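Here is a friendly walk through one protein model, taken a region at a time. Keep the picture open beside you as you read.

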Amino acid sequence: LNFKTVEQRGRVMRLHTDHYSGRDDGRTQAPVPFFVSSKGYGALINSARYIDAWIGTGVRKDSKNPPIARDRNTDPRWSSRPYSDNMEFLIPAEGVEILLFAGPTMLEAVQRFNLYNGGGALPPRWGLGFWHRTPTLYSDKQVMSEVEEFKKREFPLTVIGLEPGWMSHAYPCSYEWDTTRFPDPAGFVKSLNDKHIKTNVWINPYIAQGTAFFKEGAANGYLLQRADGKGVWQTDNWQAGMGLVDFTNPDAVKWYTDKLRTVLDCGVDCFKTDFGERIPVDVVYHDGSDPQAMHNYYTYLYNQAVFSLLKEVKGENEAVLFARSATAGGQQFPVHWGGDCSATYASMAESLRGGLSFTLSGFSFWSHDMGGFEMTAAPDVYKRWLQFGLLSTHSRLHGSKSYRVPWLFDEEAV
């Protein structure tokens, strides 16, 4: 996944899972260690470690196709880093495996890589409908009012998404309904189902210190441990003292998914699996996994646990996520979206490049927040983004500080 460029020749990057920060250096929420060449082959560096890559930037003396030597003083085409026919990768590990995928076309090479990763999963047909996320602190009555507004305006709506405010604690999570806003969760979800609308709720793998869920996880060793042996690893990044689920512990996976199962028991259809990127390396895992490799691989185990639960409860053809982070193998857990884009033409272009590079990494489905997540789009940006979004595999309206429904912009948007 790269938001700045689709063609990577001439790039120097480190594949490091992180929130995208606008830099063109390999730090995104889905740095898949795979590339496909215009020569019609693909290659997977089968390692979860941080990988440093120099793509067509290091000119070798023994190059069979050296760049033309140019005079800096007289040739405007001179470059301090001319393109080369060479790629170099630095992997801080022994016994690294590199897998080649034959073409003879780029498309066939990507197809073979997709099949190697399980072929992806086919999300339910209803997931191809229109998704809309309501503001964080909306109550059940406000959500239902919004649903009626869509119906009154004859605007399609298939999935309603509830943001962190559905929980009693969020950023990080309690996984308990906020009964002040949702006094009857099962009744609320049934009311949506009666209108043929599916329900998606936001989660992440960070557990709030002040919850009974955290205390239970800490007492049973279900959370990542400090490397110095002094108990649960905690941070104040999103909320004071949050801990992270240790997905290498089978008992922790069961504990976590059993909690999610209680949410599904209310009739909820699927989860938005947010975050999973900024995973610490000064920790100890239950199975002894290398913390640096787990930094990039954690997202796989996180989404695998949630997707497997959905398959078990909802059925093979009814499981779908709305995931942000990924790595190789994440093709099995659709759908993914591009994260926190801004309401500008430049950010819309980044989302397009992100989708193109992501699907070239063997992923079949891609979405983004139409109209941008941060800021509020001007009407022209919003309308152009709607057109782009409706041509993506999955279409979703979502905003951070302002509402994204078309009728708040202008009649042409509707």
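## The second largest pocket

About 370 Å³ of space lies in the second largest pocket. A pocket here is an open set of points on a 1 Å grid over the protein atoms alone where a 1.4 Å probe fits, with protein on both sides within 12 Å along at least five of seven lines; lining residues have an atom within 4 Å of a point. Grid points are joined across faces, edges and corners, and the volume is the space filled by probe spheres set on the points. This is a predicted model, in which local features need pLDDT of at least 70 and side-chain atom pairs count only at pLDDT 80 or more, while totals for chains, interfaces and linings use all residues. Residues are numbered from 1 along each chain as its sequence is written, and side-chain values use heavy atoms, with hydrogens and water left out.

The lining divides into 9 nonpolar, 8 polar and 11 charged residues. In this count, Ala, Val, Leu, Ile, Met, Phe, Trp, Tyr, Cys and Pro are nonpolar, Asp, Glu, Lys and Arg are charged, and the others, Gly among them, are polar.

## Strand S7 and its partners

S7 is joined to S16 by 3 bridges, and the two run parallel; strands pair if DSSP finds at least two bridges between them. S7 also pairs in the parallel sense with strand S8 (residues 159-162), again over 3 bridges. Look for Trp131: it stands opposite Arg396 in S16 and opposite Val159 in S8.

Phe130 and His132 point one way from S7, Trp131 and Arg133 point the other way, and all are buried. Buried means under 20% relative accessible area, exposed over 50%, and partly exposed in between (1.4 Å probe, protein chains only).

## A buried aspartate

Now find Asp369, in strand S15 (residues 369-370). Is Asp369 buried or exposed? Its relative accessibility is 0%, so Asp369 counts as buried. Beyond neighbours within four places in sequence, Asp369 is in contact (heavy atoms within 4.5 Å) with Trp337, Gly339, Cys341, Trp385, Arg396 and His398.

## A three-stranded sheet

Strands S2, S3 and S6 form an open sheet in the order S2-S3-S6, with antiparallel pairing. S2 (34-36) and S6 (97-101) stand at the edges with a single partner strand each, so one side of each is left without a neighbour in the sheet. S2 is joined to S3 (residues 42-46) by 3 bridges, and Val36 stands opposite Gly42 in S3.

## The largest pocket

The largest pocket has a volume of about 960 Å³. It is lined by 33 residues, and Gln8, Arg9, Phe35, Val36 and Ile55 lie nearest its centre. Which strand gives the most to this lining? S2 does, with 3 residues. By class, the lining has 18 nonpolar, 11 polar and 4 charged residues.

Note on methods. Helix = DSSP H or I, 4+ residues; strand = E, 2+ residues; numbered from the N terminus.
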